[in-house]
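Please examine the sequence and the structure shown below.

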Amino acid sequence: MVSVRDVLKSKGRRRLVMVTAYDYVFARLVDLAGVDLILVGDSVGMVVHGLDSTIPVSMYMMLLHVSSVARARPRALVVGDMPFLSYETSVRDAVFNAGLMLKHGAEAVKIEGGEEYSDVVKALVRAGIPVMGHIGLTPQRKNLLGGYRRMGRKPGEAEELVRDALALEDAGAFSIVIEYTAADVAKKITEKVGIPTICIGSGPYCDGQVLVLHDLLGLYEEIPPFAKKYADLRSIIIEAVKKYADEVRKGLFPGEEHSFYSEKNKQGNG
Ligand code: KIV
């Protein structure tokens with residue numbers, strides 16, 4: 001089983017692999033593939049529930065998906081993403097909601113934000129809840145940022161991101177996601193902090209990488225420019241369902257091998 005300690009110890013030794021999963025079936029599959037961490041991301045709102053952004057994602061939604069993933073009993077560390085307004089309102093709300101994540105099977109939580117959430121991170125860690133930070137592009141703040149834009153390119157942004165990362169480490173976070181940030185800035189952060197950085201769209205110089213599973217598998221129509229499609233499951237699924245529909249319409253499915261008969265007719269028909 002991968003623990004928070006294992007993640008911390010990996011720094012400078014081996015690259016970490018994190019991927020999102022939102023239910024039992026996919027959690028089992030990605031665990032069999034040997035990933036280190038499974039993130040039950042609030043991206044579930046977009047790639048599973050068809051929402052326009054992660055902002056409407058609720059605690060109820062997250063808890064349902066966290067418990068489904070946890071039921072797979074993966075070897076990988078399960079990280080539950082704290083949705084918008086589950087931790088910003090007060091330290092008390094943050095501890096309460098993160099506690100619910102753990103009660104539903106998460107082994108750690110992720111929160112978006114830097115230095116300004118040091119008090120929240122400290123309170124969660126004090127309560128025994130491991131925290132993964134998330135800096136750079138923080139999609140829950142897309143309205144404030146002016147969209148899903150690249151980070152760390154403007155003067156002053158790099159220094160601010162380094163400050164955020166150091167503050168998160170200082171507050172007790174065990175790792176930090178860096179999203180859609182200039183590769184040189186992500187490199188600088190990775191060199192400055194003693195905890196692993198896990199990047200998405202922030203270049204190769206991090207301690208690990210994360211991708212949204214539906215992007216990686218080619219399940220979602222639109223993928224961000226930094227994601228890589230390793231399979232085209234959309235086509236495979238559409239083809240399989242077309243074949244099923246065709247066989248039903250032609251009377252080819254179900255066949256004899258998928259059917260059974262009553263005792264009377266079985267005897268009668270031989
Ligand atoms: O919700 C999510 O999937 C994430 C990753 C993009 C890091 O936060």
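The side chains of Asp246 and Lys250 form a salt bridge, with 3.0 Å between N and O; a salt bridge is defined as a side-chain nitrogen of Lys or Arg within 4 Å of a carboxyl oxygen of Asp or Glu. The model is a predicted one, in which local features need pLDDT of at least 70 and side-chain atom pairs count only at pLDDT 80 or more, while totals for chains, interfaces and linings use all residues. Residues are numbered from 1 along each chain as its sequence is written, and side-chain values use heavy atoms, with hydrogens and water left out.

**Salt bridges**

- Lys250 is exposed, at a relative accessible area of 54%, whereas Asp246 is partly exposed, at 35%.
- The whole structure contains ten salt bridges.
- Another of them joins the side chains of Arg14 and Asp36, at 3.2 Å from N to O.
- This pair links distant parts of the chain, 22 residues apart: Arg14 lies in the loop between helix H1 (4–9) and strand E1 (16–20), and Asp36 lies in the loop between helix H2 (24–32) and strand E2 (37–40).
- Helices (H or I, at least four residues) and strands (E, at least two) are DSSP runs, numbered from the N terminus.
- Arg14 is partly exposed, with a relative accessible area of 39%, while Asp36 is buried, with 7%.
- Arg163 forms a salt bridge with Glu115, and their closest N and O atoms are 4.0 Å apart.
- That pair also links distant parts of the chain, since Arg163 is in helix H8 (residues 157–171) and Glu115 is in the loop between strand E4 (108–110) and helix H6 (118–126), 48 residues apart.
- Both residues count as partly exposed, Arg163 at 45% relative accessibility and Glu115 at 42%.

**The barrel**

- Eight strands close into a barrel with parallel pairing, in the order E1-E2-E3-E4-E5-E6-E7-E8; two strands pair if DSSP finds at least two bridges between them.
- Strands of a sheet pair through backbone hydrogen bonds, either parallel or antiparallel.
- E1 and strand E8 (residues 208–211) run parallel and are joined by four bridges.
- Val17 stands opposite Gln209 in E8.
- Helix H4 (residues 59–70) packs on the sheet and touches E2 and strand E3 (77–81), where contact means heavy atoms within 4.5 Å.
- The direction of H4 makes about 155° with that of E2; axes are lines fitted to C-alpha atoms, for helices over the stretch in contact, and angles run from 0 to 180 degrees between N-to-C directions.

**Helix H9**

- Which residues of helix H9 (residues 183–192) are buried? They are Val185, Ala186, Ile189 and Thr190.
- These residues lie on the same side of H9 because they cover an arc of only 140° around the axis, the arc being that of the directions from the helix axis to the C-beta atoms.
- The face of H9 turned away from its buried side carries the exposed residues Asp184 and Glu191.
- The cover over the buried residues of H9 includes strand E5 (131–136), H8, strand E6 (175–179) and strand E7 (197–200).

**Domains**

- The chain is divided into domain 1 (4–231) and domain 2 (237–269), with bounds that come from an automatic or database domain assignment.
- The centres of domain 1 and domain 2, taken over C-alpha atoms, are separated by 45 Å.

Notes: Buried means under 20% relative accessible area, exposed over 50%, partly exposed in between (1.4 Å probe, protein chains only).
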